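Biologist: I am new to this structure and would like to learn how to read its features one at a time. Could you take me through them slowly?

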Amino acid sequence: MKQRDALEILKMGHNVYLTGAAGSGKTYLLNEYISFLKENDISVAVTASTGIASTHLGGMTIHSWAGIGINDDLNEWEMDSLLQKSHLAKRFQNTKVLIIDEVSMLHHYRLDLIDKVCRAFRQKDLPFGGMQIILSGDFFQLPPISKNNEGFCFINKANVWNDMDLKICYLDEQYRQDCDTLTNILNNIRQNNAGENVLAPLRLRYKKQIDSHIVPTKLYTHNVDIDIINNQQLDLIEGSPKIFEMQTKGKKNLVESLKKSCLAQEELRLKKGAVVMFLKNNPIKKYVNGTLGNVIDFSASGLPIVKTYDGRTIEAEEESWVIDEEGKIKAELKQIPLRLAWAITIHKSQGMSLDCAEIDLSKSFVEGMGYVALSRVKKIEGLRLMGLNEIALRVNEDILNLDGELMESSRLAEEELNSFSGDEIKRAQKIFLDLVSSTKEEKEDALSTYEKTRLLVEEKLSIKEMAKNRELTETTIISHLEKLLEEENKPNLKYLETGFPSGRLKKIKNAFKKSDDMKLTPVKEILGDDFEFEEIRIARLFL
């Protein structure tokens with residue numbers, strides 16, 4: 001299924017399982033749908049099965065969002081105690097759409113528990129209390145971590161799975177790998193056809209030197225190997241390290257949760273010449289989670305200056321990671337968004353896209369590990385394979401069978417969509433928007449918060465400063481500014497243009513003129529992958 005068709009299905013309000021091979025654009029599509037919901041004032045909860053995955057979408061873990069923590073189940077007393085928490089009650093009642101990313105790493109019984117909690121809070125005996133539920137992931141990725149060698153069951157074994165009336169959207173386009181050889185290897189692994197057709201091209205990359213100025217990131221299966229390699233490499237560089245300490249605020253348990261879920265280090269040690277990786281997406285400065293480079297200097301203010309492997313020079317300023325509720329920050333940590341990147345674990349590499357990597361699969365201990373590691377690399381020439389064991393290229397037999405069923409279900413969903421006229425699709429989407437639109441009371445509450453943001457605009461604060469002042473996320477502030485521009489008394493945002501690169505702003509403005517549309521998607525299609533949705537969204541404020 002193409003992304004545009006999947007987006008139409010999402011906008012119609014269906015419960016959806018969004019899947020596809022690594023690099024098929026699942027996160028891109030989710031971000032597009034999240035933008036659509038926010039533009040229409042629809043309250044969406046953005047979550048993921050792990051903290052690392054949740055940072056890719058700017059959300060939080062589903063365990064934190066649902067209030068279940070590490071529990072596998074809740075007894076009657078525990079459920080009653082949970083239901084007494086007013087902040088959770090408000091969260092569940094206000095949320096209209098729930099997104100859970102990287103569901104391959106979510107246990108089936110936890111999905112049932114989340115469903116149980118949603119029904120209880122919303123007092124509706126419907127799957128997830130009647131919210132639209134979007135599950136996203138790839139069952140060929142890493143499975144849930146099992147306890148006591150009990151094996152693992154994916155979420156399709158959950159009791160609620162068959163009750164959700166899921167539309168399956170199986171994306172079949174490829175956006176990451178630009179190499180037919182690597183794509184064929186990955187497709188053959190997915191089809192459990194990893195014989196000589198896969199081993200032969202991999203042998204050609206065995207301990208093969210990579211012809212690139214880029215220092216390859218080393219991917220290993222175990223944490224102990226990673227820490228040793230990174231510290232050894234840093235110690236080989238002469239001179240004393242520059243140390244950056246993490247700053248935190250908020251409730252201790254939430255702060256600890258943030259620390260565990262994010263790759264930022266409490267104490268970051270850097271030297272000139274260190275190989276580093278960015279840990280956040282920043283559409284203005286043009287780096288993403290996984291961008292690699294070298295520290296070439298430190299600025300006058302002491303900040304690291306990184307030269308990326310594609311030749312750009314970036315001053316790495318402090319970034320923040322937050323847990324927010326209804327746009328209000330509950331916990332925050334601040335740190336330079338870098339970490340040493342001579343080596344990282346395969347688990348932590350999920351969601352990254354690497355130009356080149358040195359991969360050791362000789363200690364693989366679970367099915368899917370080889371697929372995850374190999375799918376991080378953009379092309380076969382960027383791979384140096386150091387070892388391979390028997391389990392590395394295996395896929396789970398149950399998942400192989402399920403994959404065929406998902407493909408067929410996706411084909412049927414696409415056929416059903418194509419049977420509708422354009423007007424019928426738009427009508428169904430309008431019905432859904434009307435159903436989940438904010439109530440009069442919710443809109444009145446929002447009105448006062450918009451006016452508070454207007455006062456900060458009049459003081460000519462930057463978006464970042466407004467977010468800090470109001471303890472809201474920058475995304476929430478941007479939403480406020482968009483709403484204020486719809487009013488008769490429009491604020492003057494011209495002063496915000498000074499923080500936007502003029503050349504890029506001009507290209508975005510020209511793209512809006514060319515598209516003759518104020519929607520983000522047509523403009524993104526004109527501009528291509530060099531521009532991020534968030535960057536285009538900010539630029540739209542100046543039109």
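**Reading a sheet and a core**

Modeller: Strand 7 (residues 217-220) and strand 19 (residues 357-361) are paired in the parallel sense over 3 bridges, where strands are DSSP runs of E, at least two residues, and helices runs of H or I, at least four residues, numbered from the N terminus. Two strands pair if DSSP finds at least two bridges between them. This is a predicted model, in which local features need pLDDT of at least 70 and side-chain atom pairs count only at pLDDT 80 or more, while totals for chains, interfaces and linings use all residues. Residues are numbered from 1 along each chain as its sequence is written, and side-chain values use heavy atoms, with hydrogens and water left out.

Biologist: Which residue in strand 19 does Thr217 stand opposite?

Modeller: Thr217 faces Ala357 there. The open sheet has 4 strands in the order 18-7-19-20, with parallel pairing. Strand 18 (343-345) and strand 20 (383-388) stand at the edges with a single partner strand each, so one side of each has no neighbour in the sheet.

Biologist: How many residues does the largest nonpolar core have?

Modeller: A nonpolar core is a set of buried Ala, Val, Leu, Ile, Met, Phe, Trp, Tyr and Cys residues joined through side-chain atoms within 4.5 Å, buried meaning under 20% relative accessible area with a 1.4 Å probe, protein chains only. The largest has 114 residues, and those with the most contacts inside it include Trp65, Phe139 and Ile359. Helix 7 (residues 108-122) gives the largest share, 6 residues.

Technical notes. Buried < 20%, exposed > 50% of the residue type's maximum accessible area, 1.4 Å probe, protein only.
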